[in-house]
Amino acid sequence: MTPQRIAIFVGSFDPYTIGHHSVVKRILPLFDKLIIGIGINDQKQYSSTEEERVSHIAQIYATEKRIEVKVYHDLTIDFAQREGASFIVKGVRNVADFEYERTQADINRRLSGIETIFLPAEPGMDVVSSSIVRELRKYGKDTSEFTEII
């Protein structure tokens, strides 16, 4: 029996955007199981609760049995190991994202042997970020074009 190929796609997902959805759609064919891990950092202020984010993302993928949504409060590599994942998936929008994520990937590989797969943003999605969406919402702007998953 071939072992399952399991990956985790992690972030705060506050809010979950069309950019996140793009990464999931594009990476899913490579794995038997994809766990969307909502990482919680006690130092951060969130605009929605863990439960709201889990519920929203789980609803988007309700018909996709290969996707699970889970919350974790520790290191990403500890979460990955607990879930039996061999890969961490990270979307990158630009060079600054890549450099930041590459440093984390190097540390994660050294500590756990778990590889990180970088997926560049689709054209036009490189401007979509959860922080920008939160800022726009703060000032009453419509953000549906960045968050409505069709």
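**Reading the pockets of a predicted model**

User: How much space lies in the largest pocket?

Analyst: The largest pocket holds about 1,200 Å³ of space. Rolling a probe the size of a water molecule over the atoms shows where empty space is left. Here a pocket is an open set of points on a 1 Å grid over the protein atoms alone, where a 1.4 Å probe fits, with protein on both sides within 12 Å along at least five of seven lines; lining residues have an atom within 4 Å of a point. The volume is the space filled by probe spheres set on the points, which are joined across faces, edges and corners. This is a predicted model, in which local features need pLDDT of at least 70, side-chain atom pairs count only at pLDDT 80 or more, and totals for chains, interfaces and linings use all residues. Residues are numbered from 1 along each chain as its sequence is written, and side-chain values use heavy atoms, without hydrogens and water.

User: Which residues are the closest to the centre of the largest pocket?

Analyst: Of its 46 lining residues, those are Val10, Gly11, Ser12, Lys90 and Glu101.

User: And how much space lies in the second largest pocket?

Analyst: That one has about 170 Å³. Among its 13 lining residues, Pro15, Tyr16, Ser48, His56 and Arg137 are the closest to the centre.

User: What kind of peptide bond joins Asp14 and Pro15?

Analyst: Most residues other than glycine have a negative phi, and most peptide bonds are trans. The bond between Asp14 and Pro15 is cis, with omega about 5°. Phe13 has a positive phi, near 50°.
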